[in-house]
Amino acid sequence: MPFTCATLALILSYTWVIDRWLPPFVGQTVIGCIIVLAIWHSARSGEWGFDRQAFLPGLKAAGVVTIAAAILILAAGAWLGTLHDRRDFLGSLAPLVLWGGAQQWLLQTLVLDEARHTVPPRAAVVLAATLFALVHLPNPFLTAVTFAGGLAWCAIYVRYPNILPLALSHGLGTLAILYAFDPHLTGRLRVGYSYLLLAH
């Protein structure tokens, strides 16, 4: 899994070192390298994540999972007493869908694709979800949530290879979390070294 290993190394170096200690242009260069690696891999594999025939069934499958997850998340927030309102639902959702789509593109077309060529299909889903969770360390909340989400999203993508429904699912799921829980529980959705700074 050479592209996956290189991409993970770049992401972890960014979240643990570059974003905190080095000038912005270094981080921008690293992000550019991640994009180049993903495009290079997709060009080699032919896996771009936009199968038109998979869109509607993928949307249905992702919709079922997302609605169920959102209900559980909002119910948990209500039970904890942290459920709260947020302004500008659509304005908040749009960037979350874009950011979720970028993550789904890397997760599905690169990490999952290489995993499926390395281990059996079910193990590939677990492996991809595990690596997805890994980049969200040391935030325990995000690590657990992204592992569970990664399992569901990868399982859907294996059957319906279109990232657009998953991008929407990712965005809506993140927004449900922001409505349901306070920043102390979610760690402000930070990862890497920036999460450790919350303790200071």
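Is cysteine 5 buried or exposed, and at what relative accessibility? Cysteine 5 counts as exposed, at 52% relative accessibility; buried means under 20% relative accessible area, exposed over 50%, and partly exposed in between, with a 1.4 Å probe and protein chains only.

The model is predicted, so local features need pLDDT of at least 70 and side-chain atom pairs count only at pLDDT 80 or more, while totals for chains, interfaces and linings use all residues. Residues are numbered from 1 along each chain as its sequence is written, and side-chain values use heavy atoms, with hydrogens and water left out.

A search of the whole structure finds zero disulfides, a disulfide being a pair of cysteine sulfur atoms within 2.5 Å. For cysteine 5, the nearest cysteine sulfur belongs to cysteine 154 and is 16 Å away. Cysteine 33 is in no disulfide either, its nearest cysteine sulfur being that of cysteine 5, 16 Å away. Cysteine 33 is partly exposed, at 34% relative accessible area.

Cysteine 154 has a place in the largest nonpolar core, which has 28 residues; Leu107, Leu110, Val111 and Cys154 are among those with the most contacts inside it. Such a core is a set of buried Ala, Val, Leu, Ile, Met, Phe, Trp, Tyr and Cys residues joined through side-chain atoms within 4.5 Å. Helix α4 (89–116) is one of the elements that give two or more residues to this core, and α4 gives the most, with seven; helices are DSSP runs of H or I, at least four residues long, numbered from the N terminus.

Leaving aside neighbours within four places in sequence, valine 111 is in contact (heavy atoms within 4.5 Å) with Met1, Thr4, Leu106, Ala128 and Leu131.
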